[in-house]
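Please brief me on this protein structure. I want the fold, the core, the pocket and a few residues of interest.

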Amino acid sequence: MATISIKKTSVDFLKKLSKNNTREWFNEHKEEYTDAQNNIIDFAGALLAEMNKHDNIETASGKQSLFRIYKDVRFSKDKTPYNTHWSGALKRATKKLRGGYYFHIQPGNSFLAGGFWGPEKNDIQRIRQDIDLNYKDWNKMLANKTLVNTFGKMIGEQVASAPRGYDKNHPAIDLLRYKQFLLKHDLTDEQILAPDFVKTANDVFRKMRPFLNFMSEILTTDSNGVSLVE
């Protein structure tokens, strides 16, 4: 089976688009866009196949993982009509496996990420409840050597002060303030164009698994450890 990799032409298309972000230019280069998009779909499909060897992914295909290149500019100050990156998401399957994976391909700003981008209110409450009671376990998990070497620190939006119901002097206030729970691994242009990038991406996402599994257990059990899902 041929190795699936991201073609230089797929990245070059983004460079051209960033300089010519108009509908007129895009329509004149629609064939170039289609070729590049198909390449990214093939990459995402190959990555999905590898991911399903060690995780259970709900996303059905590489094509379904991809986000649209067309922007919704209704509420944006930037009215350029197209995104200048390729991106896609892979969602974990079943009620017991929470969280997801994300890839972002953009010249000079490519990265792999994952975790919990927009947790529901009940999920955030359950997470904070666990942090309150078990913050030492959280600190141990986030200090895991492989996790730190691959992703650094957990990132995500935070509330400005202590969340309602928690003391600002709580020993885990730095964790309690989070309302997104994400890991991110930056990539160079050379890495995304390498022939083995599918393997690289798969390895990075595999190293994220302890974090996702830790969070999944919290979100599918109550404070007594009793399962909330069948």
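The briefing below runs from the whole chain to single residues.

This is a predicted model, in which local features need pLDDT of at least 70, side-chain atom pairs count only at pLDDT 80 or more, and totals for chains, interfaces and linings use all residues. Residues are numbered from 1 along each chain as its sequence is written, and side-chain values use heavy atoms, with hydrogens and water left out.

**Overall fold**

- The protein has nine helices and four strands. Helices (H or I, at least four residues) and strands (E, at least two) are DSSP runs, numbered from the N terminus.
- Along the sequence, the order is α-α-α-α-β-β-β-α-α-α-β-α-α.
- The C-alpha atoms fill a box of roughly 60 × 45 × 35 Å, taken along the principal axes.
- Of the 230 residues, 43% are buried. Buried means under 20% relative accessible area, exposed over 50%, and partly exposed in between (1.4 Å probe, protein chains only).
- Contact means heavy atoms within 4.5 Å. Among contacts between residues at least 6 apart in sequence, 67% join residues at least 24 apart.

**Nonpolar core**

- A nonpolar core is a set of buried Ala, Val, Leu, Ile, Met, Phe, Trp, Tyr and Cys residues joined through side-chain atoms within 4.5 Å.
- The largest one holds 56 residues, and F13, W86, F103, W138 and F211 touch the most other members.
- Helix α9 (residues 197-219) gives the most to this core, with 11 residues.
- In soluble globular proteins, nonpolar side chains tend to be buried together.
- Leaving out residues up to four places away in sequence, W86 touches S10, F13, L14, Y33, A36, Q37, I40, I69, F103, H104 and I105.

**Largest pocket**

- The largest pocket contains about 720 Å³ of space.
- Its lining has 27 residues, and those closest to the pocket centre are G100, G115, F116, W117 and G118.
- On a 1 Å grid over the protein atoms alone, a pocket is an open set of points where a 1.4 Å probe fits, with protein on both sides within 12 Å along at least five of seven lines; lining residues have an atom within 4 Å of a point.
- Grid points are joined across faces, edges and corners, and the volume is the space filled by probe spheres set on the points.
- Strands β1 (86-91), β2 (100-105), β3 (110-116) and β4 (181-187) each supply at least two lining residues.
- The largest share, five residues, comes from β3.
- By class, the lining has 14 nonpolar, six polar and seven charged residues. Here Ala, Val, Leu, Ile, Met, Phe, Trp, Tyr, Cys and Pro count as nonpolar, Asp, Glu, Lys and Arg as charged, and the others, Gly among them, as polar.

**S110 in β3**

- S110 sits in strand β3.
- S110 counts as buried because its relative accessibility is 2%.
- A polar atom of the S110 side chain lies 2.9 Å from the backbone nitrogen of Q106.
- Beyond its neighbours within four places in sequence, S110 is in contact with H104, I105, D186, L187 and I192.

- A93 has 10% relative accessibility, so A93 counts as buried.
- Not counting residues up to four places away in sequence, A93 touches N56, I57 and E58.
- A93 and L175 are 82 residues apart in sequence and 27 Å apart in space, C-alpha to C-alpha.
- T94 is partly exposed because its relative accessible area is 49%.
- T94 is not a glycine, although its phi is positive, at about 75 degrees.

Notes:
Polar contact = N/O pair within 3.5 Å; in protein donor to acceptor, adjacent residues only side chain to side chain.
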